[in-house]
Amino acid sequence: MPVCAPPPLAEEIPMPEQTIRSRAALGGHPLHPMMIHFPVAALFGLVASDLGYLLSGDPFWARASLWLAGVGAFGGWLASIAGLVDLFSVRRIRRLVTGWCHAILAVMMLSLASLNWLQRYLAAEQILPWGLYLSLLTALLIVLAAWLGGRLVYEHAVGVDVES
């Protein structure tokens with residue numbers, strides 16, 4: 001399938017014959033998808049708290065943004081360790097272009113989130129406009145990385161038990 005082609009409809013996607021097992025798992029459950037929810041929620045909440053600060057000027061929202069940026073960035077890096085373990089230790093995942101694209105987007109997103117946190121840590125009251133721009137760009141990259149992560153699960157059965 002060409003890289004820029006629209007994804008096939010659900011009825012057209014053949015179910016993989018075999019599971020691609022995660023090496024970073026507990027009891028057969030992959031860690032990466034379990035660990036990523038809180039950082040993602042924090043980074044989306046960061047957009048909302050930045051807008052709260054923009055609209056009200058209340059320093060509470062600047063402090064909330066600092067904490068959300070930190071939880072999102074540091075939690076995302078922790079979750080990425082489990083994803084990288086799978087990417088580098090499972091040959092079938094390494095062979096998937098979707099896996100590499102997901103990883104590259106995630107590293108770009110986490111780099112922006114870390115820069116965003118550092119900027120806020122050094123000068124929390126100066127988050128506008130660049131902090132908001134970084135938050136919005138980070139949220140966009142999360143959406144793209146999540147879409148590719150979904151393709152890994154639903155089209156390639158990464159971490160899904162299809163044998164039973």
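Residues are numbered from 1 along each chain as its sequence is written, and side-chain values use heavy atoms, with hydrogens and water left out. Because the model is predicted, local features need pLDDT of at least 70 and side-chain atom pairs count only at pLDDT 80 or more, while totals for chains, interfaces and linings use all residues.

**Overall fold**

The protein has 6 helices and 2 strands, where helices (H or I, at least four residues) and strands (E, at least two) are DSSP runs numbered from the N terminus. Along the sequence they follow the pattern β-β-α-α-α-α-α-α. Of the 164 residues, 39% count as buried; buried means under 20% relative accessible area, exposed over 50%, and partly exposed in between (1.4 Å probe, protein chains only).

**Helix 2**

Just after helix 2, Gly 57 takes a positive phi of about 75°.

**Nonpolar cores**

A nonpolar core is a set of buried Ala, Val, Leu, Ile, Met, Phe, Trp, Tyr and Cys residues joined through side-chain atoms within 4.5 Å. The largest has 14 residues, and those with the most contacts inside it are Leu 43, Leu 105, Met 109 and Leu 141. Helix 2, helix 3, helix 5 and helix 6 each supply at least two residues of this core. Apart from it lies another core, of 8 residues, among them Ile 20, Ile 93, Ala 103 and Val 158.

Met 34, Met 35, Leu 78, Ile 81 and Val 85 make a nonpolar surface patch of about 440 Å². Such patches use residues with over 30% relative accessible area and no salt bridge, with like charges joined within 9 Å and nonpolar side chains (Val, Leu, Ile, Met, Phe, Trp, Tyr) within 5 Å. A salt bridge is a side-chain nitrogen of Lys or Arg within 4 Å of a carboxyl oxygen of Asp or Glu. Helix 3 gives the largest share of the patch, 3 residues. Met 34 belongs to helix 1 and is partly exposed, with a relative accessible area of 44%.

Key: Areas by Shrake-Rupley, 256 points an atom, 1.4 Å probe, with all protein chains shown as cover.
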